[in-house]
Amino acid sequence: MATLTVTEKSQKLRAAVKLLNEASEQVIKAWEADESSSAVDGGGIAVPSQELYEGRRLVLGTVGVFLELVQEPQARLMEMTHEFYEARALQIAAEARIPDLLAEADLKVGMSIEELSQKTGVKNHKLSRVLRMLCSVHIFQEISEGFFANNHVSQVLVKNDPLRAFVLALGYDIYTASVKFPQVLFDPIKTQAETDSVTAFQDAHNTTLTRWDWLEQPEILSDGTSRPRKELANFTMAMLGGGRVMGPPLYTDFPWADLGHSTIVDVGGGIGGMSLDLAKRYPDLSFIIQDREPVLKQAHAIWSKELPPAIQTERVRFVVHNFFNENPIKNADIYHMRYILHDWSDDDCVAILSAIRPAMGPNSRVLISDQVMNTTFGTAALKSAPAPLPANYGYGHRFQNLRDLNMMCLFNGRERTADEFAGLAARSGLKVVKIWEVRGMVSITEMKLADP
C-alpha cells in the first residue's frame, strides 16, 4: 500500500514549504525588477523574465504537493469530480459578458446582482451562485454582499473578444465531446483507433465527420434553413486569442530577427495569427499563409484590418493548400507549423512532414510550435523540477496535460515528448537539431533535412 509514513509526509511537506518560500521570494524580486523595467514584447503583453517564469512554475508546482499531502484524500477525489462546474461557470460568465458589465461599475462599489440579473437575463440568485463560485477560486470579487466587481484575473477579459472566444470554444462543442471520452476509451474497437474520424467528438455530435469538416458544415435550423456554425467563427477568433496569450515567449525567445529578409511559410496557418504578430514585430520577414479556402478568406479580412500594408505590398500572401500534399513553395527559409502536429496521429504527422521535405532546400528549416512534454519521471531533453515536485513541475504545468487529453478527445492527436518528435523526424527524412525551450508552455522544435 502506497501510504506515506508521518515522517515521510512531514519531510515532504517541509521541503515543499521551503521551496515555496524560496520561489515566492524569487517571484517578488522579479515583480519588483519588472516594475522599474517591464519585460513587455512588441504587442504589449508581458513576457516574464527567466527568474519570474521559473519562480511561477515552482510556486504553482508546490500547490499540487500541498493538495496531495494536506487535503484528505477521499475529499480531494470527490472535489475533483465536480471541477468541471468551474469551467462551466467561467463559460457562463464569458457568454454573459460579465467582465464587460462589471467594467462599467465603480471598482470600489461593484455592481449589484439585481442589475447584473437584469442585464443578463439570468435569475439573480442563480447568477450570484455562479459568480460566488468563481470568486471562491479567485476570479471576480464580491465587494459587499450581492455586489460584484472584476479582480486582476477577470479584468483581462474586458473588451477582449479573442480571449473570450477561447473560453467559449471549450464550452461549446469541445466540452460536449468530452462527455463521450470515457465511453470511447473503454470501447474495445474505438480505443485502438488513431484516426481523427473515430474519436469522442463523433460520438458526442452524432456525426461521421472530422471536427474540421463538421465546423465547416452549415447548421440546419428547425425551419429547414441553414446558417454557418457559430463554433467556426468563434474557433477562429479563439485561436487568435489563445495565440496572443501563449505566443509572446515564442516571439521573443527564438531569434527571428536573425532570419533577416526570410520568407516564412505558415503551413496550416489558419488566419495566420502567429505570423501576424511576428509581422508586426519583425518588419524584414515575409509570410505565406497556407490553409483551406474558407479559412483564408477570414485570414485576409483580419490582416486587412490589422496590417493592411502587408497585403498591399504582398509581404503576406494567402495560398490554398492541403498540407498532406507536397508543398508548392520550394526552398523557403522556414516552414512553420503552430498547433498542427498535435492534432494528428504519428502516421499523419509523418505524412505532413514528408509533404514538406521535397520542397526543402539544404538550408531550409521546419519549425514546430507545439508543446514538448516532460514526463513526471523526467527526461534528459528537458529541465526537471527540483524535489519534491514531479519532474514536469506537476501543477506548475498542469495545462499541458489538460491540452494533451483534449487533443486525444477531439482528434486522436497528442502533445509529444522530445523523443517522440525525434521519431517523427527520422521517419520523415528529417532530424531534430534543437528544442527551443521558451518562457511559456509551448516550445519550438527545429528540424532540418537528415541528408541534405
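Q: What is the count of salt bridges between domain 2 and domain 3, and how do I read that?
A: Side chains of opposite charge can pair when their charged atoms come close. Here the count between domain 2 and domain 3 is two salt bridges (a side-chain nitrogen of Lys or Arg within 4 Å of a carboxyl oxygen of Asp or Glu). Bear in mind that this is a predicted model, where local features need pLDDT of at least 70 and side-chain atom pairs count only at pLDDT 80 or more, while totals for chains, interfaces and linings use all residues. Residues are numbered from 1 along each chain as its sequence is written, and side-chain values use heavy atoms, leaving out hydrogens and water.

Q: Which residues are joined by a salt bridge at 3.2 Å, N to O?
A: Look at arginine 292 and aspartate 213, whose side chains meet at that distance.

Q: How many residues of domain 2 are in contact with domain 3, and what area is buried?
A: With contact meaning heavy atoms within 4.5 Å, 19 residues of domain 2 touch 16 of domain 3. About 1,600 Å² is buried between the two, and carbon and sulfur atoms give 59% of that (accessible area, 1.4 Å probe, that two parts lose on being put together, summed over both). Glu194, Trp212 and Thr236 supply 34% of what domain 2 buries against domain 3, more than any other three residues.

Q: How many residue pairs are in polar contact across this interface?
A: Nine, with both residues at pLDDT 80 or more (N or O atoms within 3.5 Å; within protein, one able to donate a hydrogen and the other to accept it, and residues adjacent in sequence count only if both atoms are side-chain atoms). On the domain 2 side, the elements giving two or more residues are α8 (161-179), α9 (181-186), α10 (200-205), α11 (211-216) and α12 (230-246). α11 gives the most, with four residues.

Q: How many salt bridges does the structure hold, and where does glutamate 115 lie?
A: The structure holds 23 salt bridges. In one of them, glutamate 115 meets lysine 119 at 3.8 Å, N to O. Both lie in helix α6 (residues 113-120), four residues apart, about one turn of the helix (helices, H or I of at least four residues, and strands, E of at least two, are DSSP runs numbered from the N terminus).
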